[in-house]
Amino acid sequence: RNPRTLRAAARASLPGALGASSMLTSRARGALGGVARRLSFISPIYEPPSMADVDPPVLGDVAGFGSTTLPSGLTVCARGTPGGPAALVLSVKAGTRYEPAPGGAFMLQQLAFKGTTERSALRTIRSLENLGALASSSLSREAMTYSVTCLQSDVEAALELLATCALTPDLGPEAVADNAASAAADAAAAMASPMVVLSEMLHEAAFGEASPLGKPVFVTAGVDPSAAAAHHSSTFTAGAMTLAVSGMDVESAASLASCYLHGAAAGPAPAATPSPFVGGFARLKATCPATYVGLGFPSAGTPAQVVMAEAAAAVAGTAAAAEATAYAGGEGLAAITAVGPSGSAPVGALVCGLRAVASGEAAAAIEGAKVRQALKATTALEGSASFAAAAAGAGGADPSALAAALLGVGAEEVQAAAAAALQGPLAYALVGDTRGAPSHAEVADMLKA
């Protein structure tokens with residue numbers, strides 16, 4: 001792992017990216033953060049009066065949803081839907097925190113749907129084209145996902161192709177060498193986003209640069225050619241997999257999974273090496289017209305912590321955002337971020353937002369945050385692909401429960417979560433023009449004042 005190389009690449013590309021826009025952008029959803037109970041949210045502009053006429057979403061169990069665990073340990077969940085496309089998402093607990101060697105997980109993700117031991121890359125592409133299917137893969141610190149969207153009549157063929165690509169990818173030296181340049185380009189493109197860089201810096205500050213959750217996701221320099229194969233063999237067990245299907249009942253989905261995913265190695269999911277929240281400071285200096293700042297706090301991804309971060313960001317102002325990510329083992333990160341003009345880190349606004357939530361002075365912000373997040377969670381259940389991703393991310397649990405949990409959070413719970421954040425360890429990150437920004441000790445004092 002060579003974080004200095006990544007930082008140098010990011011420093012070189014950030015000025016252009018930041019100069020193009022001074023507005024916050026949401027980061028790519030599958031690239032960072034955890035899938036096990038993953039909750040990632042971006043705060044819109046907060047205007048309390050606008051929420052007065054917004055009714056909470058109508059909640060209920062997802063119609064036709066079912067979940068089961070096969071004898072192998074593989075979890076299957078599905079929802080039958082009449083008409084429309086079908087979507088299949090295979091989530092594997094094989095994120096970067098589980099990789100035995102740096103860069104193995106990212107290279108494995110780069111090789112998804114690019115050939116298998118049984119199909120060449122060209123034949124794989126042609127098979128997808130013949131189905132009219134759309135395939136993609138994503139990587140986070142917690143999981144790797146393989147997704148295919150197709151017609152409902154082609155679910156079996158699509159699952160056979162997905163299973164082959166996931167279980168028997170071509171990870172030989174030639175395949176790795178052929179995709180090395182594109183992997184480096186994708187890593188550079190990701191690190192050109194200031195919000196992606198800020199998230200990386202926050203994880204480093206929160207968990208430590210050498211920890212499983214603090215190390216960078218996008219590693220390409222100096223990667224051992226065998227790292228992807230080593231990562232695959234150590235993590236792709238049946239117990240680490242969740243298959244979510246939209247467009248088929250769970251009994252049929254389980255039958256197909258038993259047929260096409262039977263080749264998954266037996267065994268439980270890999271154990272997560274503890275990565276405790278230690279707190280600290282990380283920054284990346286760059287000449288640009290904006291300063292990005294993030295404050296992070298320990299989080300287990302509870303609904304109260306999700307609403308707390310969202311409400312604090314809303315109070316902080318229109319250029320603030322919130323994110324709450326939970327990882328296996330009860331570890332996680334709740335963060336509030338903001339952007340300001342060059343040399344003017346808006347730390348004070350974030351601190352004031354969090355203090356207002358903790359003091360009980362932000363009742364309207366809390367109610368607005370609850371409704372917005374419940375609406376987002378409910379909206380994710382409407383599309384085939386988004387439903388399958390939500391169900392896979394929930395580990396096979398009914399994803400509709402999230403919206404109900406968010407709406408059911410009491411103001412006192414949110415205030416308590418904010419108060420705990422004020423007194424707990426702090427992760428503090430800066431990206432861009434960091435001149436004049438307060439130190440970590442100064443920000444910690446502001447929070448505890």
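Biologist: Is Y146 buried or exposed?
Modeller: Start with the scale. Buried means under 20% relative accessible area, exposed means over 50%, and partly exposed lies in between (1.4 Å probe, protein chains only). Y146 has 0% relative accessibility, so Y146 counts as buried. This is a predicted model: local features need pLDDT of at least 70, and side-chain atom pairs count only at pLDDT 80 or more, while totals for chains, interfaces and linings use all residues. Residues are numbered from 1 along each chain as its sequence is written, and side-chain values use heavy atoms, without hydrogens and water.

Biologist: How many aromatic pairs does the structure hold?
Modeller: A pair of aromatic rings is described by the distance of the centres and the angle of the planes. Rings of Phe, Tyr and Trp (its six-membered ring) pair if their centres lie within 6.5 Å; planes under 30 degrees apart are stacked, over 60 edge-to-face, the rest tilted. The structure holds six aromatic pairs. Take F113 and Y146: the centres are 6.0 Å apart and the planes stand at 65°, so this pair is edge-to-face.

Biologist: Which parts of the chain does this pair link?
Modeller: Helices (H or I, at least four residues) and strands (E, at least two) are DSSP runs, numbered from the N terminus. F113 sits in the loop between α2 (104–110) and α3 (121–131), and Y146 in strand β5 (residues 144–151), 33 residues apart. F113 is also buried, at 9% relative accessibility.

Biologist: What is the angle between the rings of F281 and Y428?
Modeller: Their planes are at 35° and their centres 5.0 Å apart, so the pair is tilted. F281 belongs to strand β9 (residues 280–285) and Y428 to strand β13 (residues 427–432), so the pair ties together parts 147 residues apart in sequence. F281 is partly exposed, at 37%, whereas Y428 is buried, at 0%.

Biologist: Which ring does the charged end of R79 sit over?
Modeller: A charge sits over a ring if NZ of Lys or CZ of Arg is within 6 Å of the ring centre and within 35 degrees of the ring normal. The charged end of R79 sits over F387, 4.0 Å from the ring centre. R97 lies over the face of Y98, at 5.7 Å.

Biologist: What is the order of strands in the open sheet?
Modeller: Strands of a sheet pair through backbone hydrogen bonds, either parallel or antiparallel. Two strands pair if DSSP finds at least two bridges between them. The open sheet of five strands runs β9-β13-β10-β12-β11, with mixed pairing. Its edge strands are β9 and β11 (320–326), each pairing on one side only. Nine bridges join β10 (residues 290–298) to β12 (residues 332–341), and these two run antiparallel. The bridge partner of P298 in β12 is L333.
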